[in-house]
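Subject: The structure I promised you

Hi,

Have a look at it first, and then read on for what turned up.

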Amino acid sequence: MKRFVSNLSGSSMLEIAALSTLVPLLILLRHSFASDQIIETNFKKNGDAVVRCKTLGDYMATLVLDFLLIVLPILLFLTVLADWVYQGVILMMLFLLFVVASKSYTCCNAPFSPSANGGPLSLRTNISSYRVSMMIVTCLCILAVDFRIFPRRYAKTETYGTGLMDIGVGSFVLANSLVSRQARNILSLKFHTAVQSTSPLLILGFARLLSTVGVNYQVHVGEYGVHWNFFFTLAAISILTSIINVPPQYCGILGLVILVGYQGCLMQGLNLYLLSNERGTDLVSQNKEGLFSIFGYWGIYLIGVQLGNFLFFQNQASRMRSKKWARIGVWMLSLLFWLLTMLIDRHFERVSRRMCNLAYTTMVLAVNLQVLGILMLSDFIPGSKTSVLEHACSRSLLATFLLANVLTGLVNLSMNTLYAPPITALSILIAYAFILSVVIGLLDLCGIRLKFW
């Protein structure tokens, strides 16, 4: 058991980049297959897509189709098809090009233009698809990692390395920063208001702590520490951002200063302290990984705020030109951050999610901007503007994650996942993913929106 979760060194950056290409390609393929006879896509004044289905039967049929074309293939490539990722990327790219070419010339015998099918997708819709793709992968991984069918190289690394699951927390932070109040240039809340607004996260953090202790649920102490968890990190970022109120145009500079300063401290010996298994009796020593990694995640958040403001919330008067420029900017920044990651990883300090060091933050930015950049090619793909599953998940992003955690806990408490045969493990994962998709879809159908961060 200890060997199953310890001393993991992760995958290669190339494989992470391949997985980050495969997931958005599957979403674009789903869009190209969507039928306007079932899905009605309307647009608000700001260009955001609003999805409606004509009947309950149509809604459920479309939701199941979304599951089969998006969620199930991702799950398969994370488990039984993990050794075929590169081939999968090539096949998906060729298939998507074939679909685009055939649809573009079928009816009018003229190339498809972004103005077809109701106009270009808004930047916000692209960001929504990106956030959903990140959440789908996260929800699938948090249960799949408990089964032997999940490759160990995708699991979280012990000290240094680039596992797929290492990207999860940083991606969640960045995804929220790109569309945050600060990125939209909305005045920050006062400190006491910020604490009040983050109280749900604090409640969730303490609830997770008490529930894991109460049922003796296994927690890897080296991830955040003895008492700390993901929700406390999110709350800390929100409070820090409200205390240090910086205009979005300068948040990236502050974030860079924090990251470089934090990296300097790590290289002066702080990294040895954080990676050591020795702990004192005080709260700081007990939770050293979670407390010190806040600087890294906060740096990601601040850089994401400036990127979101600069790329997506300025120059809104000329939407077509702004969209084209933003697409180019996202691709260039993704390449830049990939180059920085390789440079820092080789010459300064290797990627470490546990410490949230500089190489980790640049890799998180590179991966997420790569996914977003691919999804921003949607304008050139004929078909529906979005899918039912994406729309439902985007309206309750954190609720989706919470439900996934509850279902994961129930599975782990009801069986020993390590000894599950491959067929049993895959069946459980498919059922879990299907239940999660259906519940979130039904919540959206009923008009229930659970979103507070």
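Let's start with helix H18, where the buried residues are Ala 425, Leu 426, Leu 429, Tyr 432, Ala 433, Leu 436, Ser 437, Val 438, Ile 440, Gly 441 and Asp 444. Keep in mind as you look that this is a predicted model.

What do those buried residues of H18 pack against? Their partners are H3, H5, helix H16 (388-395) and helix H17 (397-414). H18 itself has 24 residues and reaches 34 Å from its first C-alpha to its last, close to the 34 Å expected at 1.5 Å a residue. Just after the helix comes Gly 447, with a positive phi of about 80°.

Val 64, Leu 65, Leu 68, Phe 434, Ile 435 and Val 439 make a nonpolar surface patch of about 430 Å². Two elements give two or more residues to this patch: helix H3 (56-78) and helix H18 (422-445). Leu 65 counts as partly exposed because its relative accessibility is 36%.

Now zoom out for the overall picture. The protein chain has 18 helices and two strands. Of its 453 residues, 55% count as buried. Its accessible surface comes to about 20100 Å², and 67% of that belongs to carbon and sulfur atoms. If you take the contacts between residues at least 6 apart in sequence, 82% of them join residues at least 24 apart.

Next, the inside. In soluble globular proteins, nonpolar side chains tend to be buried together. The largest nonpolar core here has 124 residues, and the ones with the most contacts inside it are Ile 74, Tyr 130, Phe 150 and Phe 312. Which helix gives the most to this core? That is H5, with 14 residues. Apart from this core lies another one, of six residues, including Tyr 262, Leu 266, Leu 270 and Leu 275. Going back to Ile 74, its contacts beyond four places in sequence are Val 23, Leu 26, Ile 136, Val 137 and Leu 140.

Two single residues are worth a click as well:

- Met 134 lies in helix H5 (residues 123-144). Its relative accessibility is 9%, so Met 134 counts as buried. Beyond its neighbours within four places in sequence, Met 134 is in contact with Ser 171, Phe 172 and Ala 175. Met 134 and Phe 172 are 38 residues apart in sequence, yet their C-alpha atoms are 7.5 Å apart in space.
- Gln 263 is in helix H11 (residues 248-275). Is Gln 263 buried or exposed? With a relative accessible area of 5%, Gln 263 is buried. Leaving out neighbours within four places in sequence, Gln 263 is in contact with Glu 349, Asn 357 and Leu 358.

Last, the charged pairs. Side chains of opposite charge can pair when their charged atoms come close.

- Arg 153 and Asp 83 meet through their side chains at 3.3 Å, N to O. Arg 153 is in the loop between H5 and helix H6 (167-178), while Asp 83 is in the loop between H3 and helix H4 (85-106), 70 residues apart. Arg 153 is partly exposed, at 25% relative accessible area, whereas Asp 83 is exposed, at 60%.
- Asp 166 and Arg 353 meet at 3.1 Å, N to O. This pair links the loop between H5 and H6 with the loop between helix H14 (319-347) and helix H15 (358-375), and the two residues are 187 apart. Both Asp 166 and Arg 353 are buried.
- Arg 279 pairs with Glu 289, with the closest N and O atoms 2.6 Å apart. Arg 279 is in the loop between H11 and helix H12 (283-286), and Glu 289 is in helix H13 (residues 288-312). Arg 279 is partly exposed, with a relative accessible area of 25%, whereas Glu 289 is buried, at 1%.

One more thing on these: salt bridges that share partners join Glu 15, Asp 83 and Arg 153 into one network.

Methods. Residues numbered from 1 in each chain as written. Heavy atoms only, no water. Helix = DSSP H or I, 4+ residues; strand = E, 2+ residues; numbered from the N terminus. Buried < 20%, exposed > 50% of the residue type's maximum accessible area, 1.4 Å probe, protein only. Contact = heavy atoms within 4.5 Å. Patch = residues over 30% accessible without salt bridge, like charges linked within 9 Å, V, L, I, M, F, W, Y side chains within 5 Å. Areas by Shrake-Rupley, 256 points an atom, 1.4 Å probe, with all protein chains shown as cover. Salt bridge = Lys/Arg side-chain N within 4 Å of Asp/Glu carboxyl O. Core = buried A, V, L, I, M, F, W, Y, C linked by side-chain atoms within 4.5 Å. Expected span 1.5 Å × (residues − 1).
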